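Trainee: I'd like to learn how to read cross-links in a model. Could you take me through disulfides and salt bridges?

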Amino acid sequence: MDSSLPFRQRTAVTLASLIALAGVAFVCGPVHAAQTPLPNILLIVMDDIGIDQWKLFGYGGATPAATPNIDAIAAAGIKFHNLWAMPACSNGRATLFTGRYPLRTHVYTALGNNDLANFMVNPNEVTAPNLLRQRGYKSALFGKFHMGIQSNNPYGYGMVRAFGFDYFYGWLDATGDPSSIDGTAGGVAPPGTWSCGFVRDANHGGADSGACYSGNNTCAVMSKSGAEAPGRVCRDAGGIFDPNQPCVNPTPDYINFATLSGHYVSPLTINNEDGSIEQVPSTDIRARTYRGTDPVDAAINWINQQPASQPWMVSLAFATAHTPVMQPPTQLLPSSEADTSNLDCSNSLDQRVITNQMEEALDSEVGRLLVATGLASRGQNGQLIYRPNQSNTVIVMVTDNGSLGTVVKAPFDTSQAKSSVYQTGVWCPGIVAGPPVKKPGRQVNAMVNIADLYQLFGELAGIDVHQNVPRTVDAQSILPYLLNPSQPSIRKTNFTQIGTNLHANGEINSPCQFNTTTCSQIAPTKGVCEDNGGIWWGSGATDPNTIGIPADGLQLCCDVAVWQANHAQTILTNIYPLEAFAIRNDNYKIVINNYEDYDASSNSCLATSTKEFYQINEDVPLPKLDNDNLLASGTPLNRQQKKNYDALTVQLAQILASQPACPGDINLDGVVNNADIAEWQMFQQLTGFSSWADINLDGLTNSADLAIILQNQGACPTPHAAQVPAAQSRPIPVASR
């Protein structure tokens, strides 16, 4: 074991012997046949569900969601109670699938339609499916991708295949997330009428009967027969409900199957194993099925088609619990659950109730997946019976980032949630279950990072990732925790980061204001901003407070504060950072926030950097969170505090300095050479626009970028410069955009 590799810890038992204990052949060089079957890997990635949400981890507030199926998986496996993810969707997922922090992948925050390819996962990364291909694994991703956006990605709708997955069935939405809710409910009402995307019942301004049109040109009259509004029943079945009207033929012109609508009408994309791409029309029932259900159907079909001798990795990526908040299908909820058809999806209090139901629907679908693929069964009372040793599959569950502030559960901090590096923004559930787990039902309190799951995938397949990946990998070992109930902590520090993805010529996302005090620039579009209850201050702003701003909007949150000061409005007091870092050890944490603050004395923007120091823990039910800055009191740090502060400061500086810039290194081999010229030529001929060869970030791949490559030839040599593994081969880019 090479102890000089970055961020790697020695343990009492060698990695090779641990893998042998797990029944997996260990390889560190040429691939040989395993002595025992390689385990399948089922990765379930959840969205916007922080550790605050679930009673399973000791929290969940006064009204936690019921998660009996996930509880059963955890009881048969291990709960990681101290797992850090990244603060946003895209950088959390990029870290998970590459084992590398955002400062290396350059995926700094949630991707949006205008972000350049340079801030999406480079296809030269040894992604998890590429890594596992070395051992003969087939891989598939179902659901949310959000590590690339087709508008500026040279691979367009084929980007998931280019990423390394053999098969993809899911969404490549323009913002990476569900679209805004169609308030017309399919064209039957003026915009904004129906906040949840369906017609309510007659007692709430809607109808108790009407025509339910489907995308295949059929229609049935539907009347209220229970608690649910028939408009919801029709919508949940993929139809459009025309209130108080009979079925007619042809379908009325105002019935609109083209408009997307949150979790129910989605732009489904399929990357087939033969390289072909399918764009499923919005009239197709698959594109009109609840996003918590349709990818599960597809995953079940794919898993059940795999030969017993074929090891596979499936990533099932739920968008469930992400905004916009919408009621899930009733059949996915506990029978005791109250009907929520008449709640308002734009009301913050109602959103808390609906979010709980969305998490319960996710739990139901996880259980259905396991039963339908033979990984579990049902007991006489319907309970999930999961016995890991009866299969050869390891289940991994993790969330990409913490909860959205509006639905954070007490005692966690609603103002320091998703998109921040504070505990509520990055502390997430983690579960691993499967045959390698010894003494299941345990809780591991040691620090774990979402990057470490990448190493676990390699360990399960018998791959030493630090030897086989020719660049810095930030992942550390998790397998010892599965095999050894007494395993001491491996990580000595944990790290998280958020930053700013760039548009062409240095532009960034416009400001989005939440309540009267807070502003963030994480929302990529007006729709996403408003879906999260915000006021958009960018191009196309429509809120009354924004009347008179420039046509292209304001650029920064501090510009909003300046505008408010000049127009006698309430001035923002909480501006989210454009860049933030956090590092912790067992007891202490440093947070650095960099942003453009509002300076009242000059009524202008002021570049600002803050450094904060906290004592934290994971106590149940009242954890010590990062809300008492030890540097703010004016009292000198005591000896213990000062020792921890100094050590964390040095370690953070080392991490941030560990990825020096290497302009022109397109293929990530650590040196600028003719291989990068070949990459530039490929992307220039393919698109001429945004690509990883657009070095000067102007949105074009042209001669100016080639000049930078030529200028830097021979620069940035590393020991791994020539070690590009076979798994890096990727398909020729497709022109679909």
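Mentor: Let's go through the cysteines, then the charged pairs.

Trainee: Before that, what kind of model is this, and which residues count?

Mentor: This is a predicted model, where local features need pLDDT of at least 70, side-chain atom pairs count only at pLDDT 80 or more, and totals for chains, interfaces and linings use all residues. Residues are numbered from 1 along each chain as its sequence is written, and side-chain values use heavy atoms, with hydrogens and water left out.

Trainee: Let's pick C196 and C345. How far apart are their sulfur atoms?

Mentor: They sit 2.0 Å apart, and the two cysteines form a disulfide. The torsion about the S-S bond of C196 and C345 is about 110°, so this disulfide is right-handed. As for location, C196 lies in the loop between β4 (167–171) and β5 (209–213), while C345 lies in the loop between β10 (312–317) and α9 (348–372), so the pair ties together parts that are 149 residues apart in sequence. The element names come from DSSP runs numbered from the N terminus: helices are H or I with at least four residues, strands are E with at least two.

Trainee: Is C196 buried or exposed?

Mentor: Buried, at 3% relative accessibility. C345 is buried too, with a relative accessible area of 6%. The cut-offs: buried is under 20% relative accessible area, exposed is over 50%, and partly exposed is in between, using a 1.4 Å probe and protein chains only.

Trainee: Which cysteine does C512 pair with?

Mentor: C529, with an S to S distance of 2.0 Å. The S-S torsion of C512 and C529 is about 90°, so that disulfide is right-handed. This pair links distant parts of the chain, with C512 in strand β18 (residues 512–514) and C529 in helix α14 (residues 526–531), 17 residues apart. C512 is buried, at a relative accessible area of 0%, and C529 is buried at 0%.

Trainee: And what about C558 and C605?

Mentor: A disulfide joins them, S to S 2.1 Å. With a torsion of about 100° about the S-S bond of C558 and C605, the disulfide is right-handed. C558 lies in helix α15 (residues 557–566) and C605 in strand β24 (residues 604–615), so the pair ties together parts that are 47 residues apart in sequence. Check the accessibility of each end: C558 is buried at 1%, whereas C605 is partly exposed at 27%.

Trainee: On to the charged pairs. How many salt bridges does the structure hold?

Mentor: In general, side chains of opposite charge can pair when their charged atoms come close. Here a salt bridge is called when a side-chain nitrogen of Lys or Arg is within 4 Å of a carboxyl oxygen of Asp or Glu. The structure holds 22 of them.

Trainee: Where do D626 and K589 sit in the chain?

Mentor: First, the contact: D626 forms a salt bridge with K589, the closest N and O atoms being 2.6 Å apart. D626 is in the loop between β24 and α16 (639–656) and K589 is in strand β23 (residues 588–599), so to speak of distant parts of the chain, they are 37 residues apart. D626 counts as buried at 1% relative accessibility, and K589 counts as buried at 0%.

Trainee: Which residues are joined into one network?

Mentor: Salt bridges that share partners join D47, R93, K144, D177 and D400. One of the pairs here is D47 with K144, whose side chains meet at 2.6 Å, N to O. D47 lies in the loop between β1 (40–46) and α2 (68–75) and K144 in strand β3 (residues 138–144), so the pair ties together parts that are 97 residues apart in sequence. Both residues, D47 and K144, are buried.

Methods: A disulfide is a pair of cysteine sulfur atoms within 2.5 Å.
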